[in-house]
Amino acid sequence: MAFETIVVETDDHIAQVRLNRPDAMNAINDQMLSELAEALTAAQKDPKVRCIVISGTEKFFAAGVDVRQMAEKSFTDVFAGEMFGGDVDAIARIRKPIIAAVSGYALGGGCELAMMCDFIIASDTAKFGQPEINLGVMAGLGGTQRLTRAVGKAKAMDMNLTGRFMDAAEAERSGLVSRVVPAKKLQEEAMTAAGKIAEKSMISVMAVKEAVDRAQETPLAEGMLFERRLFFSLFATEDQKEGMTAFIEKREPQFRDR
């Protein structure tokens, strides 16, 4: 599958998706978002793929959404055309885990794309921001919603209202990223994490992703009930029997996703 704005490689059950608009600092345009949705949907359907890693370059994960493609659009254009909506919804429907490996700037749509992933591993050079306010607009891909859920109201208000950037250390302290590593080790760290996920039962992995995502949407009591029902359901799988038997027999489990 040939793409112009991203590079996709699949190796050892991991789909690596690299944003590839270097002349535009990986700014996200309609084509890139469409190609991302297409590539991730293909990875979802590929039985060989068990985890996905999205990355950019060392200096730029993505520096925002391409302003040039939006500047002349009217309300009617963006509202009637549901700008970004279909592709963002397609990315949100991916059931396999997605890791964002972020180095350098992840701003505006770049920050929002990283937050669409299941967790972020950041390099020590990473900087996150929602500077849309400087353009006379606001975030439109989750920068007021996912960011608030990740870091709380005060920091989300600060970043969205002032346009200030959050460095990697603050992002880790605030819960936006799961871990921070030296820039030169970022891809290795992300691939190691993806490799560990790829070893697990895919049924369990998808159940975990579904349950954690549900925690963002429901009250605690409802979330606990949902988690418990999923937990019970995994006892209908062969992988549960294999995993527990392997533990008792002190050997590595051989999961078969059944």
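Is Lys155 buried, partly exposed or exposed, and what is its relative accessibility? Lys155 counts as partly exposed, at 28% relative accessibility. In these terms, buried means under 20% relative accessible area, exposed means over 50%, and partly exposed lies in between (1.4 Å probe, protein chains only).

This is a predicted model, in which local features need pLDDT of at least 70 and side-chain atom pairs count only at pLDDT 80 or more, while totals for chains, interfaces and linings use all residues. Residues are numbered from 1 along each chain as its sequence is written, and side-chain values use heavy atoms, with hydrogens and water left out.

**Salt bridges**

A salt bridge is a side-chain nitrogen of Lys or Arg within 4 Å of a carboxyl oxygen of Asp or Glu. By this rule the model has 11 salt bridges. The table presents some of them.

| Pair | Closest N and O atoms |
|---|---|
| Glu170 and Lys155 | 2.7 Å |
| Glu210 and Arg95 | 3.5 Å |

Helices (H or I, at least four residues) and strands (E, at least two) are DSSP runs, numbered from the N terminus. The salt bridge between Glu170 and Lys155 links helix H7 with helix H6 (residues 153–162), the two residues being 15 residues apart. Helix H7 spans residues 168–174. Glu170 is buried, with a relative accessible area of 10%. A polar contact of 2.7 Å also joins the side chains of Glu170 and Arg164; such a contact is a pair of N or O atoms within 3.5 Å, where within protein one must be able to donate a hydrogen and the other to accept it, and residues adjacent in sequence count only if both atoms are side-chain atoms. Lys155, Asp158, Arg164 and Glu170 are linked in a network of salt bridges.

Arg179 is partly exposed at 30% relative accessibility, and Glu189 is partly exposed at 26%.

In the salt bridge of Glu210 with Arg95, Glu210 lies in helix H9 and Arg95 in the loop between helix H3 (85–92) and strand S5 (98–102), so the pair ties together parts that are 115 residues apart in sequence. Glu210 is partly exposed at 34% relative accessibility, as is Arg95 at 42%.

**An exposed residue**

Glu199 is placed in the loop between helix H8 (186–198) and helix H9 (202–215). Glu199 is exposed, with a relative accessible area of 56%.
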